Every structure is written in C-alpha cells, then in structure tokens.
Amino acid sequence: MNSNQQGFTLIEMMIVLVIIAILASIAVPNYQGYLRRSACEDAKGTLIGAANVMERFRAQNNTYPTVANSAAALGAYAASPVDGEAKQTDIAITASNANSYTLTATPRVTGRLNGLGTLTITSAGVRGGTGQLFNAAAVPPTWANCGGL
C-alpha cells in the first residue's frame, strides 16, 4: 500500500452519494407533506376569518353581502393564505341572502391542495366540504384533520 495516498477513492465517494440519496428520499416527501398540511390548515383559518368578515358586515348593514360582490366583501380573505404571494385556495361566497350564507374554499389548480376537495362553512357554523378535506364519517361531519393528507 502506498502511504502517500491523497483524496477519496471512488468507492468512498459512491458510499457518500448513496447515503445522501437515502436521506433525500426520506426528507423530500416529508417536506412535501408538511407543505400540504400547512396549506390545508391555512385554508381553514382563512375560511373562519372570512366568516368573521361576513358577520361583521351583517352587524353593520343588517344583511349579508351577496355572491356578486364576493371578492370585494371578503377583501384579504378572498384567498388563502391571507399574507404571502403563493395563494393556495380561493374563498368565495357561494350562496347568500339577507339571513344566511355559505363560504367555499376551492383549491387553485396550481396549489398544493388541488384535487383534494373543498371546504365550506355556513352562517350557522356548519362545516362541510368534499373529498379528502372533508370527514363525512365524523359525528357530526366536519373538516378533516390535515395531518392525514
């Protein structure tokens, strides 16, 4: 053996690359799941905030805003997250009259929740939705735990 060896052998470099690949194969999916769960919880929070905007409007005007002026009435709560540029869901008034409303959070096509369903909330506080975002089996039916996404 030559005692003046410098640097790494090809085998040592390959072992390091295999270890990095294994760590990346674990870390990347976990991070993707974290981003999806975060977007889900943010959509829920924004939907509750939009419901508060609706109630504030009714307290001031003795009626709820209409579907036609949905974006103007909801203001910053018309998309989730409220702050930041990467919007994941759109919040809209999907049904409204003087005494009741329904708000719906619909994932954007480019968002992390695309294809997972919708979330809704009514003026009575009833939480609904479709797909994986909604837990129809719960008693009473409610929004799904975002941890399962």
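**Figure 1. Q60 in helix α1 of the predicted model.** Q60 lies in helix α1, and in this predicted model its relative accessibility of 61% places Q60 among the exposed residues. The C-alpha atom of Q60 is separated by 20 Å from that of G125, a residue that stands 65 residues apart from Q60 along the chain.

**Figure 2. The backbone at N62, in the loop between α1 and α2.** N62 is found in the loop that runs between α1 (10-61) and α2 (70-74). Although N62 is not a glycine, its phi is positive, at about 60°. With a relative accessible area of 63%, N62 is exposed, because exposed residues are those with a relative accessible area over 50%.

Figure 3. Side chains of opposite charge can pair when their charged atoms come close. Two salt bridges are counted in the model, and one of them is formed by E41 with K44, whose closest N and O atoms are 3.9 Å apart, a value that counts because the cut-off is set at within 4 Å. Because E41 and K44 are three residues apart in helix α1, they are separated by about one helical turn. As for accessibility, E41 is partly exposed, with a relative accessible area of 42%, whereas K44 is buried, with a relative accessible area of 12%.

**Figure 4. The salt bridge between D90 and R108.** D90 forms a salt bridge with R108, and here the closest N and O atoms are 2.8 Å apart. This pair links distant parts of the chain, with D90 in strand β2 and R108 in the loop between β3 (101-107) and β4 (119-122), the two residues being 18 residues apart. D90 counts as partly exposed at 33% relative accessibility, and R108 is also partly exposed, its relative accessible area being 28%.

**Figure 5. The cis peptide bond between S80 and P81.** S80 and P81 are joined by a cis peptide bond, for which omega is about 0°.

Terms used:
Residues are numbered from 1 along each chain as its sequence is written. This is a predicted model: local features need pLDDT of at least 70, side-chain atom pairs count only at pLDDT 80 or more; totals for chains, interfaces and linings use all residues. Side-chain values use heavy atoms; hydrogens and water are left out. Helices (H or I, at least four residues) and strands (E, at least two) are DSSP runs, numbered from the N terminus. Buried means under 20% relative accessible area, exposed over 50%, partly exposed in between (1.4 Å probe, protein chains only). A salt bridge is a side-chain nitrogen of Lys or Arg within 4 Å of a carboxyl oxygen of Asp or Glu.
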